[in-house]
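Please find below some notes for a colleague who is meeting this structure for the first time. They begin with the ligand and then turn to a few residues of the protein.

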Amino acid sequence: MNEPADGLDVLREILLSQDRETLRALQEELDRLKAQLDDPAALLDRIEPIIGEALARRTRANPQEVADALAPVMADALRRQIEENKDAFVAALVPIIGPLIARAVQEAFQALARRVDERIRRATSIQLIVKRWWARVRGIPPGELVLRDALPWRTIAVFIIDNESGLILAQSYQRQIFDRDPNLTAALLTAIRNFARETFSQFTKKEPGTLYELRVASYIVLMEEGPDFYVAWVGEGVPPTDAHERLQTLLTVLHQQYRRQLRDPAQQEKVQKAIESFLWKLLEEDEEESSQGTSMVGMAVVSAVLVLALSLCGWGVYRLSPRMLAYVLPTTAKHITPTPQAMWTVGVLQEDVTPYRSPDERAERLSHTLLQGSRVRVLDREGKWVHIGYPVEGPFRLEGWIPIQSIRIVSQAP
Amino acid sequence: MHRKLFKVCMIGDFAVGKTSLVQRFMYNEFRMDYQATIGVNISKKEVIHPSLPAGRITLIIWDLAGGEPFTPVVEAYYRGAMGALFVADVTRPSTVEHLATYIRDFRSVSPHAQGLILLNKIDLLSSSPTSVDELKAVAESFGMPVYLTSARTGQNVEEAFTALGHRLVEQGAYE
Ligand SMILES: Nc1nc2c(ncn2[C@@H]2O[C@H](COP(=O)(O)OP(=O)(O)OP(=O)(O)O)[C@@H](O)[C@H]2O)c(=O)[nH]1
Ligand SMILES: [Mg+2]
């Protein structure tokens, strides 16, 4: 009996062992899945990639539908989450929206400062002048002055650009801010201006002398148009209240004196040099201004002019034009007084430099190195290169090209 | 002294290869995929040739979107240009015919500018030279020098820009 029983066992083993094995594997799989279902973290690990992909596909196909479906749930969840844990939310959001808020605040301040400027400019009665002057004398700056001091205007560059071709006719730099070649920047500015002007022509009526303003991050480009060319004034901060007038004055002078020469390639280079001294004037006045604070000289002038004005006019409610005011008050309002005599542009080296023979990194270099702090004469500029001569007074013992970032332009010398 | 900086425009129907020609000229590269230009692309490139004054001049190239109507914006883009490259696609004869309109509009804004016609994508027509001759005859009737170019192979691209440079300088001498 034993034998057949053994035989059956063997037979059963043969027939069922595979099934049993499968059953065992299935049971194991079932246990594993159950464990996963019971453990939310493990479950999440599994389905996250799949759901992510499915959602992404769905969102691409029909973004609005997904947004509609998710919005109520998300909003509710977010609200609850914020109520329960405000701090964590703030911590998570600040790095993302912080810079946006900062910029928004900065822009709001600039707008405010401008409104204040505008008000001051309009209300130029003697009383106000006295008030401001008195505030200065007593060392209590009125709020407006504080605002303006907090956000001063710093000129970075001035370009004279041909209205039509967008080519630079003259330029002047405080520092290099553009990655691109200035010629490209000028052409792009012109294209943008053309586009804006033609697109919004029904609003601007293409009036000559319209002031255009372009804002990129903290930089502002003010563009004022003359008949042949326009000025682009690049800076940071709050533009001076009389920016429009200053640019108009500059344009008038340039058009009157240099209109023809600027367009004539044979004269352009020579005229450019002369013009750049006007532009530098704009820059220089800015520099003085930021270092001036409440200067005694300024105050003395205010007092003297004020006394003179009052004695001439008597104590009436007189209104002074903004232009007159600019001469009276040592504010940011400054005027360009072109000096037609030839000027040199002088720069100070910011590092030790070995000049190149031509404006090209591959060009041969001179055998002498000029040391940091040396004063040099600026002869020309081409893109990111400056042509310099040493010593300033000439005759030059050394003449060559250096990268613009190695030099800081300081002033002119007669 | 000669002028050194020149504004030039790339003008012609959409997808004829204006941007590709500029890319080839600027960076010696070519892309098969098409990305329509929106508005205008501006780039700067020096043309270096021993016969030019100081060996080089600089072109500020305004690469305009093709196929746009002649609006005041386009007119403003043409204005002040000293030269233009009118581009057509040899595989689309209509683009050659359309040059007449582009040239007329451009001339109305910048009458003294120099112009060249580029019949582009010549690499695609290598099998049937006869049709090229016909297109070339049409292009020549517009009264400008005609170049057969390929932004893809680079054929005649450098030559065309250099030729424009020469014409600009020659004209500048009589300004
Ligand atoms: N085979 C060939 N293809 C070219 C050539 N030049 C341009 N293409 C192709 O033609 C298409 C259009 O080229 P683009 O240079 O963008 O044309 P475009 O004239 O600038 O077009 P818009 O900016 O829309 O006016 C692209 O897919 C290019 O790869 C060429 O010489 N040969
Ligand atoms: Mg294009």
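1. An oxygen atom of ligand 1 is placed 3.0 Å from a polar backbone atom of G17(B), a polar contact in the sense of a pair of N or O atoms within 3.5 Å (within protein, one must be able to donate a hydrogen and the other to accept it, and residues adjacent in sequence count only if both atoms are side-chain atoms). Side chains take part as well: a polar side-chain atom of T19(B) lies 2.8 Å from an oxygen atom of the ligand, and an N or O atom in the side chain of K121(B) is 3.1 Å from an oxygen atom of ligand 1. Taken alone, ligand 1 exposes 650 Å², of which the protein buries 94%, the areas coming from the Shrake-Rupley method with a 1.4 Å probe.

2. This is a predicted model, in which local features need pLDDT of at least 70 and side-chain atom pairs count only at pLDDT 80 or more, while totals for chains, interfaces and linings use all residues. Residues are numbered from 1 along each chain as its sequence is written, chains are lettered from A and ligands numbered from 1 in the order in which they are written, and side-chain values use heavy atoms, with hydrogens and water left out.

3. Ligand 1 is surrounded by 25 residues, the closest being S20(B), R31(B), M32(B), Y34(B) and G66(B), where a residue counts if one of its heavy atoms lies within 4 Å. By class, this shell divides into ten nonpolar, eight polar and seven charged residues, with Gly counted as polar and Asp, Glu, Lys and Arg as charged.

4. Helix α1 of chain B, residues 18-27, gives the most to the shell around ligand 1, with three residues; helices here are DSSP runs (H or I) of at least four residues, and strands (E) of at least two. The buried residues of α1(B) are K18(B), L21(B), V22(B), R24(B), F25(B) and M26(B), buried meaning under 20% relative accessible area with a 1.4 Å probe and protein chains only. After α1(B) comes N28(B), whose phi is positive, near 55 degrees.

5. In chain A, R377(A) belongs to strand β7, residues 375-382, and is buried, with a relative accessible area of 14%. A polar atom of the R377(A) side chain lies 2.7 Å from the backbone oxygen of V392(A).

6. Where does I404(A) lie in chain A? I404(A) is found in the loop between β9 (398-403) and β10 (407-413), and is buried, at 9% relative accessible area.

Methods:
Buried < 20%, exposed > 50% of the residue type's maximum accessible area, 1.4 Å probe, protein only.
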